[in-house]
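Subject: Handing over the structure

Hello,

Here is the structure I promised to pass on to you. Have a look at it first, and then read on for what I found in it.

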Amino acid sequence: MIDTHTHIYLTEFDNDRDDVVLRAREAGITKVVLPNVDLTTIRPLDEAVNRYAGFCFPAMGLHPTSVDSNYKKVLDHIAKLLDTSEYCAIGEIGLDLYWDKTFVSEQIDALIQQMTWASSKKLPVIIHCREALPEILQVLKDLRHLSLQGVFHSFSGTPDDVSMISEFGDFYFGINGVATFKNVHLEDVVKKIGLHRLLLETDAPYLTPVPFRGKRNEPAYIIYTARRLADIMGISLSELSDQTTYNACRLFGLSTK
């Protein structure tokens, strides 16, 4: 399996990162994708990629909750990195109107800029969308000519949302531990997404699945999400693992070995 969205470079893992990676490998995780957050996370992200070469694959971008009045200077720095280093995606990018709406226009501008880079570099985008789907759909509509591809990370929308998003690009949908929560019902949307558009993710250290909800998340726990999704789709865990791994390799340009 591939964890297509995890942040094991963050300080939450400083005391046992080697053990976290070991447990992930023992649980059948062959690769993880590490999306960036902002300028402060670039160095620890690089260190993780170098330490666990062949296991960790970096994505570079500016997270919407880190967009502020200084965002253009930050984007200039990220642009230089994209020109000089190899990344499997541009992300984590998007819009977040849940926490703070102070910099909505700046978030939208940053999203447009980074999506434009993704198109020119033929890289997929990792999209964070929280309380902002109409706004993101408008951006995608305006940028339809770019033929974008990517993943809507931590997706918990409706079947209709899946249909609308799919009109504007070659998109996959990342499902994490939220699918295991008793008060969340993703059965219809998972079936609408279909096996060939599904990606597994953890968003570790966040969104820990049952039975570890409330504790720090880690890539090894992806098995609980995978089991839940296999159950929803009425297929074996092996079939779900094989296809979602293929999906991830196709989207991010990763080796299937």
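Residue K72 is a handy place to start: it sits in helix α3, which covers residues 71–84. Please keep in mind that this is a predicted model. Is K72 buried or exposed? Its relative accessible area is 54%, and exposed means over 50%, so K72 counts as exposed. In sequence, K72 and Q113 are 41 residues apart, while in space their C-alpha atoms are 9.8 Å apart.

Now to the protein overall. You will find 9 helices and 8 strands in it. The radius of gyration is 17 Å, close to the 18 Å that the globule rule gives for 257 residues, so the protein is as compact as a globular protein of that length. Its C-alpha trace spans about 45 × 40 × 35 Å along the principal axes. Of the 257 residues, 55% are buried. Among contacts with a separation of 6 or more, 73% come from residues 24 or more positions apart. The protein exposes about 11,700 Å², and carbon and sulfur atoms supply 49% of that area.

Next, the sheet. In what order do its strands lie? This open sheet of 8 strands runs β1-β2-β3-β4-β5-β6-β7-β8, with parallel pairing. At its edges are β1 (2–3) and β8 (198–200), each of which pairs on one side only. Further in, β6 (residues 149–152) and β7 (residues 170–175) pair in the parallel sense over 4 bridges. There, F152 stands opposite F173 in β7.

Helix α2 (residues 42–51) packs on it, touching β2 (31–35) and β3 (56–60), and the direction of α2 makes about 155° with that of β3. Helix α5 (residues 133–142) lies across β4 (89–96), β5 (125–130), β6 and β7, and runs at about 145° to β5.

Finally, take a look at helix α1 (residues 17–26). Which of its residues are buried? They include R17, V20, V21 and A24. Viewed down the axis of α1, the buried residues fall within an arc of 95°, so they line one face of the helix. Just after α1 comes G28, which takes a positive phi of about 95°.

I hope you enjoy exploring it!

Best wishes

Key
Residues are numbered from 1 along each chain as its sequence is written. This is a predicted model: local features need pLDDT of at least 70, side-chain atom pairs count only at pLDDT 80 or more; totals for chains, interfaces and linings use all residues. Side-chain values use heavy atoms; hydrogens and water are left out. Two strands pair if DSSP finds at least two bridges between them. Helices (H or I, at least four residues) and strands (E, at least two) are DSSP runs, numbered from the N terminus. Contact means heavy atoms within 4.5 Å. Axes are lines fitted to C-alpha atoms, for helices over the stretch in contact, and angles run from 0 to 180 degrees between N-to-C directions. The radius of gyration is taken over C-alpha atoms; the globule rule is 2.2 Å times the number of residues to the power 0.38. Buried means under 20% relative accessible area, exposed over 50%, partly exposed in between (1.4 Å probe, protein chains only). Accessible areas come from the Shrake-Rupley method with a 1.4 Å probe; for residues, only the protein chains shown count as cover. The arc is that of the directions from the helix axis to the C-beta atoms.
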